[in-house]
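Me: I have the sequence and the model open, and I'd like to go through them slowly. Could you take my questions one at a time?

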Amino acid sequence: MSSKNNSFSLSRRNFLKISAAVTATAGMGFGANMLNIKEVSAEESEKLANSLGNVEVKYTADVMCPSECGMEMWVKDGRIIKIYGNESCPFNDGACCAKGASGMQLVYSPDRNKYPLIREGERGEGKFRRATWEEAIDYIGKKLVDIKKTYGPESVIMDAGDVTDRDQYYRLFHAFGTPNCVEHGSICDTPRRHGPKLMLGGKRIEPDVMRPVLVRQPDGSLKKDYTYYSKLIIYVGWNPFVATRINYESRGTVGAKVENGCKVIVVDPAHTNTASQADQWLPIRPGTDGDLFAAMLRYILENDNQSNPFKKYIDWSFKDLCVGWDEFDAEFKSWWGKTDPINGKSYFSLEWAADRTGLSKEQIAEVAHEFGITKPAALVWGMQSPGHHFNGYPASIIGTALNIITGNIDVPGGAIDTELVKCDKGGDAKGSNFKKKKVKRAVEGIEVEGEVEHLHMDWYGDWPAAWDDVVGDYPRRFREGVTLNYGPLKGHKYPIKGFMIRTGNPVMTGGNTKDWIDALNAKDSSGNYKVELVVNIDTLYLETGMYADVILPEASYAERMSLSDVYPSHQVLWLRDRVINPLHESKCPTDIMNMLAKKLSDLGDTDFKASDFWDKYKSEEDFVNEMLAPAPGRNHAGEPVPYPHLPLGYKLQGTPDSLDAGRVTIDHEKKVVKGELVTVDWMRKNKGVAVWPMSWNRFKVFDKEAGKYVASKAVAKTNSKLFEFTFSGYEKYNKLISETSIIPRGLKEIGYDKYPNTFYWFETKWNPYTNMEYAKYKDEYPFQLICGRVHHAMTGTQMVPWLSETPVEGTWMPLNNSFKHKIIDMNAKGELEEVEKEFKTGTFCVGTIAINASDAKSLGLKTGDLAILENPLGAQEKGKVYVTEGMRPGTIKLGFGTGGRFSPGIGPTSKNKDYTPNHSGLVDPNAHSPIMGMPCYADMIIKVKKV
Amino acid sequence: MPEDSKLKKYGMVIDLRKCVGCMSCSVSCKMENGVSFGVFRSWVNMTEKGDYPTVKRYYQPRLCNHCENAPCVEVCPVKASYKREDGMVLLDKKKCIGCGYCVASCPYNARYMSKTQKVADKCTFCDHRVDNGGEPACVKNCMGKARFFGDLNDPNSKIAQLVSNNPVQVIKPGQGTKPQVFYIAADFNQQPK
């Protein structure tokens with residue numbers, strides 16, 4: 001085997017260079033005798049900070065990415081001078097990634113939105129004039145009142161972005177009268193969450209590696225526990241070291257590996273950073289993760305032998321906790337008798353899966369065996385496997401089934417549905433009660449009555465199974481409007497006339513870029529924009545902002561207050577405290593909500609009352625206190641029992657210390673234990689973090705009479721409160737179908753007339769290796785296109801120069817042409833200031849095209865060469881290739897939102913738009929996953945041409 | 001400097017089994033120490049080795065090795081570079097005349113000439129934090145909990161135990177510089193299985 005050196009060094013002498021071989025002393029084969037390392041005791045940050053003079057330490061939460069880690073920011077003379085992870089927050093345990101640490105370059109970026117802007121040119125030209133807040137709010141208010149009168153409030157979509165503090169905007173627009181308040185979840189990852197949602201009532205299954213956890217000890221005390229129990233973690237299309245949505249999966253994966261001998265397997269077409277620390281990398285064909293899962297399940301069912309300890313895969317006690325297994329099992333097995341037209345093999349057999357996944361039969365059997373036999377284990381799938389494929393639903397359903405039947409759900413070291421165990425928060429602040437308001441609409445001349453909620457464009461329109469406020473295909477809605485198919489307002493039609501987009505950047509990442517631009521630019525016959533009002537509320541000036549009529553500058557994450565709790569293993573909440581006052585003329589969401597509510601009230605909209613808005617929330621703190629009130633809001637469950645002095649199964653509400661001390665009232669009728677409510681003030685006294693105790697086995701409880709575990713019915717949020725292999729979650733949608741005989745568009749597309757009762761299977765799009773419809777493209781378009789999030793360079797952080805010094809996996813590499821740009825950088829005093837900087841060739845990371853070395857060779861491409869990517873729809877993107885051995889042949893990988901960036905607000909990166917590829921430019925604008933309507937980001941094929 | 005400091009010998013251990021390649025060390029250092037674009041006190045070399053599918057990406061986080069026999073201290077004509085009794089190799093920027101000898105002498109490329117300050121610059125082990133009871137910023141923020149800092153002379157310290165209980169390596173031991181940054185599982189030069 002030949003040896004290759006393919007290196008990137010960040011050494012100051014030569015940014016892009018082949019690293020010299022490092023001489024090292026002999027001595028390999030480590031691993032034994034490793035200390036079980038415990039954390040350093042928390043340093044006294046205040047004391048340390050004071051060594052720098054008059055420094056205030058603030059505990060807050062990040063939002064440079066949706067991980068929203070607990071942070072510690074040091075402030076001197078009103079400026080942030082240092083950023084670290086908050087050691088009191090178990091989600092990140094004091095860790096802080098490169099992006100988090102670079103936050104000052106975003107907060108103090110010269111490219112921020114500084115004051116309100118009103119459009120002067122055409123949409124997309126980027127011509128705006130500076131406006132006062134009064135002027136901008138007046139403009140928006142008048143337009144909203146006009147749209148409400150002419151088309152109804154439901155004609156306005158409020159998209160509140162991918163951060164947890166969206167409640168103010170939801171409240172505002174629910175009160176306005178539109179149920180169409182959505183967040184980033186609409187366009188990301190929904191098929192991935194579908195299995196857990198259907199079968200557990202949850203959302204995201206993650207490995208039990210968040211450490212420390214606060215655990216009740218046998219002596220009654222509570223202690224931080226750093227012990228790892230995991231023995232096997234399989235990450236499928238999930239790259240936590242780079243996509244870093246779940247902070248603890250960085251330290252937790254390597255921690256479990258080193259300290260507990262946990263085996264880590266990464267299944268991914270690309271050799272990700274996570275794969276680099278795994279014991280095994282399985283380079284699977286894109287879009288076939290569900291095939292692997294199906295083959296694993298068949299293997300386990302066929303080979304399980306309860307009397308052979310080496311084949312005792314299934315923990316049949318799961319049947320005491322579930323409904324519908326027999327139906328699921330029968331339907332799954334019914335496929336074994338059918339042959340797949342693409343390869344003539346029996347569905348879900350090893351031969352079938354080998355043909356489709358490109359892995360060997362032996363590899364598939366081995367991974368199935370290891371997952372079956374190793375306990376505790378977790379099978380975890382991500383955004384780029386089921387998440388972004390047309391058929392991600394069967395994959396996430398089978399994945400959930402595999403975790404359940406092997407007995408790994410919620411055991412120590414197993415798989416945790418984090419959605420079900422995080423805090424309940426938000427409470428009344430979100431304003432969901434406004435959706436219950438009665439409304440009347442005329443349908444074919446007859447007045448009908450319903451509630452605001454019944455106007456929802458998805459639930460009562462084309463996507464009734466859209467969960468979590470999901471709206472997936474809005475460029476089409478902008479063009480075609482909404483027809484309600486179901487519910488009391490059936491037959492009502494309305495156009496989309498207002499689009500409020502707060503953070504997020506759908507023009508670059510919400511589906512096909514051209515499709516979005518066309519929809520936002522579309523005009524009626526009189527030359528007026530069809531979407532009459534586009535408002536962008538954001539700290540940053542991104543591409544979507546260029547298509548806005550009004551831009552409102554929102555305070556950055558360091559300048560506003562809210563809460564975070566992103567997918568922890570148990571109930572923990574941390575405060576996003578205001579670290580500094582809003583910069584420039586920006587305002588916090590609470591103030592923006594109140595200003596708009598007051599304006600609408602002044603303009604005669606009687607839906608807005610002082611008692612619901614500006615009198616009720618006089619400060620951000622008032623709003624956040626209301627959000628905190630329900631916390632932790634989960635039922636008391638699991639082992640070790642979190643509060644031995646409190647009854648199991650009761651909902652807990654109140655601060656950790658009041659629950660622990662028993663300063664509670666217990667309502668036995670409603671089964672609620674209420675302690676002292678969590679407040680901002682309490683959070684501040686506790687380094688910004690509230691941590692309730694961890695427990696495991698929360699879905700079950702030991703029944704002494706029966707002598708076995710039975711379902712606790714305290715955690716699962718399915719209709720039965722059990723694990724469901726028959727999907728009662730679909731019943732209400734099927735009722736809508738049977739009432740109207742209208743089949744939702746997505747179901748029709750896959751040939752179903754109703755939502756299936758149990759296991760189902762259909763093929764993905766644009767995959768010539770699994771779907772006969774696309775087999776004809778195999779020769780002309782020999783590459784499958786995949787896409788991965790580059791944590792350092794998401795759509796809204798590329799104005800941060802330091803993150804262009806951190807190469808990532810071949811998709812974010814220092815392959816720039818030379819250019820000049822004004823950036824914010826450290827001066828001689830170590831303070832940030834604006835400087836004009838020249839970036840030499842090869843010194844600045846840009847979005848690149850990762851390609852397998854053999855493929856590159858056959859195309860005559862070498863690292864740095866320009867290539868054109870073209871899909872069968874005729875769309876093209878251009879970029880520089882990065883040649884790597886760490887890529888499955890026949891696969892091309894791009895970063896999400898890394899290339900083709902044309903907003904000047906993105907800073908230096910906008911100078912590189914002509915030679916960097918935009919992945920969204922190649923996405924099929926008409927492909928939406930059939931159950932929830934999400935764009936199919938990961939289903940595409942291309943050809944590659946050297947320029 | 002505290003009185004008992006002469007008893008201390010500061011060093012760092014980087015457990016490469018836990019490095020996740022995130023570069024938080026590189027950027028946290030820039031944030032902490034005001035390091036401008038284009039230069040680094042702390043950085044990560046990444047190397048891909050092997051052929052598909054037996055390929056692996058290796059990380060080598062780097063910083064000043066705070067050598068016991070530091071060539072940069074020896075060559076400094078004005079004694080601006082010096083070694084503290086606790087082992088830290090530091091630089092008095094007021095004395096530095098910007099001759100660049102130290103930059104050239106370092107076998108680890110750990111020093112650079114600061115364009116903004118016109119003097120040599122390098123990692124200080126965050127002495128300003130350490131002297132006040134903290135740990136270097138790169139250790140504090142490390143995502144993989146792969147970096148450990150402490151007193152090698154204290155047998156009860158975590159870092160001393162790591163060094164004594166694990167085979168550790170230093171970079172370029174043949175140079176005789178005696179680096180005080182130790183790597184666990186340093187297999188940068190090994191081929192994958």
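Me: Why is helix H21 (residues 620-628) of chain A largely enclosed by the rest of the structure?

Reply: This is a predicted model, in which local features need pLDDT of at least 70 and side-chain atom pairs count only at pLDDT 80 or more, while totals for chains, interfaces and linings use all residues. Residues are numbered from 1 along each chain as its sequence is written, and chains are lettered from A and ligands numbered from 1 in the order in which they are written. As for H21(A), 7 of its 9 residues are buried, so the helix is largely enclosed. Helices (H or I, at least four residues) and strands (E, at least two) are DSSP runs, numbered from the N terminus.

Me: Which residues of H21(A) are the buried ones?

Reply: They are Glu620(A), Phe623(A), Val624(A), Asn625(A), Glu626(A), Met627(A) and Leu628(A).

Me: And what covers them?

Reply: The cover includes helix H5 (167-176), strand E25 (562-564), helix H20 (589-602) and helix H23 (680-685) of chain A.

Me: E25 is a strand, so what sheet does E25 belong to?

Reply: E25 belongs to an open sheet of 3 strands in chain A, ordered E25-E26-E31, with antiparallel pairing. Two strands pair if DSSP finds at least two bridges between them. The edge strands, each pairing on one side only, are E25 and strand E31 (689-691) of chain A.

Me: How many bridges join E26 to E31(A)?

Reply: Strand E26 (residues 572-576) of chain A is joined to E31(A) by 3 bridges, and Val572(A) has Val691(A) as its bridge partner there.

Me: Last one: which residues touch the most other members of the largest nonpolar core?

Reply: Among its 334 residues, they are Ile234(A), Ala295(A), Met296(A), Val380(A) and Ile942(A). A nonpolar core is a set of buried Ala, Val, Leu, Ile, Met, Phe, Trp, Tyr and Cys residues joined through C-beta atoms within 7 Å. There is also a second, separate core of 6 residues, including Tyr643(A) and Val673(A).

Conventions
A residue is buried if 20 or more other C-beta atoms lie within 10 Å of its own, exposed if 12 or fewer, and partly exposed in between; C-beta atoms are placed from the backbone. Two residues are in contact if their C-beta atoms, placed from the backbone, lie within 7 Å.
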